[in-house]
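Please read the following note beside the sequence and the model. The points are numbered so that each can be checked in turn.

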Amino acid sequence: MAKKSTAFFCSSCGYESAKWVGQCPGCRAWNTLTEAPKHHDEKGVSAITRGTKPVRLHEIDRTKEERISVGMAEFDRVLGGGVVPGSLILIGGDPGVGKSTVVLQICRHLAAAGQDVIYVSGEESERQIRLRSDRIGAFEDGFRLYCETNLSEILATVSFEKPDFLIIDSIQTMVNPAIQGVPGSVSQVKESTASLLNLAKSTGINVLIIGHVTKEGQVAGPRLLEHMVDTVLYIEGERFDNYRLLRGVKNRFGPTNEVGVFEMTSTGLREVRNPSELMLAGRMADAPGSIVACVMEGTRPLLIEIQALVSKTGFGTPRRTAVGVDYNRVNLLIAVIEKRLRIQLSDYDAYVNVVGGMRVSEPSLDLAIILALLSSYYNKPFGTNVVAFGEVGLAGEVRAVSHALQRVQEAKKIGFSAAIIPEGNAKRLKNIEGVKLTAVSEIRQLINQ
């Protein structure tokens with residue numbers, strides 16, 4: 001018979017403590033520990049590890065695991081080539097961004113490929129899901145709905161049916177009857193995820209769970225949730241914008257920070273195979289303050305437009321606004337311009353925007369931001385066929401970045417004929433036919449460009 005004891009869990013970070021304390025030792029938050037029962041078997045070991053023993057590394061089969069395609073190339077790209085059997089995948093995103101829609105589309109493709117899929121919904125009725133599925137298209141018989149929130153009932157049904165894929169929508173609505181707490185609480189989310197993890201690893205069933213996010217943009221529940229799963233994917237985009245970005249922030253079986261681009265249509269999410277052309281669509285020719293940059297999202301080079309507007313301020317303190325880039329980084333680059341180029345921007349408002357709704361944190365965007373600010377300040381366009389990338393230091397030096405060849409080749413493929421790049425990268429690059437490379441080692445050289 002299982003023994004029951006009491007433990008305390010932090011509602012902020014998921015830290016577990018044997019007794020209540022006022023301040024969480026994990027995240028240093030106050031009054032966040034809540035009581036919940038802690039379950040062990042008679043030997044105090046989990047079901048995942050029970051019956052296992054140490055093995056030598058060379059005895060482990062290293063044949064390549066066959067991945068399962070979900071039927072969407074952009075989704076497979078973010079996963080690293082498809083789903084590894086026995087994976088536990090978490091998809092998060094803001095309300096209305098398209099989480100349930102894209103998962104329903106995946107279910108349709110999997111069922112058409114002969115996979116047995118059970119879709120568990122704790123938020124919608126069967127009729128509501130049927131109405132939404134009619135917009136997507138016809139489903140094969142391999143797709144089944146199961147509207148239930150009791151996790152014990154779900155695990156019993158899944159153990160009997162033995163599907164290839166199990167979809168949970170959403171983890172915050174699941175209730176484990178053996179655990180105290182309301183749906184979505186730290187203890188419920190943690191224990192429910194642990195049960196699903198045990199199911200995936202012990203049976204080989206692929207489990208995909210949908211998670212709500214908080215106002216800070218993180219999956220609701222303990223931070224431990226993201227550590228427990230194999231893959232964490234986020235769907236980004238404004239609710240009233242047509243485009244969505246699927247970003248991988250954790251992947252045990254592939255690269256992280258890969259990005260898939262989708263367009264929201266009346267029939268669901270449509271893949272965008274060439275996102276660079278999408279990001280540059282509608283760009284004005286020879287507009288001051290506009291420059292194209294090439295950033296790396298995972299292993300994919302992506303061309304994006306950077307816009308800047310510098311105008312005389314009407315206030316005592318100039319305004320600084322950054323959309324899609326780090327606000328503090330923009331302030332830092334403005335300070336570098338003032339110090340190294342002796343351009344007084346303290347009398348000017350400065351606005352920087354990444355067109356298309358992208359959020360970029362890569363340092364290679366620095367050079368393009370400075371070029372856009374200078375272009376707007378002098379009211380002089382750089383031309384429509386120029387791309388730029390490079391990191392800028394506090395001394396005004398332009399530092400080399402990684403994957404320079406892939407960036408230039410992507411620019412050439414889209415039709416760009418000139419590139420402003422760091423001198424450190426130009427030394428390693430051979431002449432690329434059709435693209436004029438301009439190497440700079442410090443930002444003072446940009447004034448003459």
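**Note on the predicted model**

1. Arg77 is partly exposed, with a relative accessible area of 31%, whereas Glu258 is buried at 2%. Here buried means under 20% relative accessible area, exposed means over 50%, and partly exposed lies in between, for a 1.4 Å probe and protein chains only. The side chains of Arg77 and Glu258 meet in a salt bridge, with N to O at 3.7 Å. This pair links distant parts of the chain, 181 residues apart: Arg77 lies in helix H1 (residues 73-79), and Glu258 lies in the loop between strand E10 (243-251) and E11. Helices (H or I, at least four residues) and strands (E, at least two) are DSSP runs, numbered from the N terminus.

2. The model is predicted: local features need pLDDT of at least 70, side-chain atom pairs count only at pLDDT 80 or more, and totals for chains, interfaces and linings use all residues. Residues are numbered from 1 along each chain as its sequence is written, and side-chain values use heavy atoms, with hydrogens and water left out.

3. How many salt bridges are there by the rule used here? The count comes to 19, where a salt bridge is a side-chain nitrogen of Lys or Arg within 4 Å of a carboxyl oxygen of Asp or Glu. One of them joins Glu59 and Arg56, at 3.6 Å from N to O. Glu59 is partly exposed, with a relative accessible area of 48%, and Arg56 is exposed, at 56%.

4. Strand E11 (residues 259-265) and strand E12 (residues 268-271) run antiparallel and are joined by four bridges; two strands pair if DSSP finds at least two bridges between them. The two strands form a hairpin with two residues between them. Within this pairing, Phe262 stands opposite Glu271.

5. Another salt bridge is formed by Glu263 and Arg270, whose closest N and O atoms are 2.1 Å apart. Glu263 is buried, with a relative accessible area of 17%, while Arg270 is partly exposed, at 45%. Elsewhere, salt bridges that share partners join Glu236, Arg247, Glu297 and Arg359 into one network.

6. Helix H2 (residues 99-112) has 14 residues and reaches 20 Å from its first C-alpha to its last, close to the 20 Å expected at 1.5 Å a residue. That expected span is 1.5 Å times one less than the number of residues. Is H2 mostly covered or mostly open? Eleven of its 14 residues are buried, which leaves the helix mostly covered; among them are Val102, Val103, Leu104 and Ile106. Just after H2, Gly114 takes a positive phi of about 95 degrees.

7. H2 also gives the most to the lining of the second largest pocket, with three residues. About 250 Å³ of space lies in this pocket. Of the 14 residues that line the pocket, Pro95, Gly96, Lys99, Ser100 and Glu123 lie nearest its centre. On a 1 Å grid over the protein atoms alone, a pocket is an open set of points with protein on both sides within 12 Å along at least five of seven lines, a cavity is a set where a 1.4 Å probe fits but cannot get out, and lining residues have an atom within 4 Å of a point.

8. The residues lining the largest cavity include Arg67, Leu79, Val83 and Phe253.

Conventions: Points joined across faces, edges and corners; volume = space filled by probe spheres on them.
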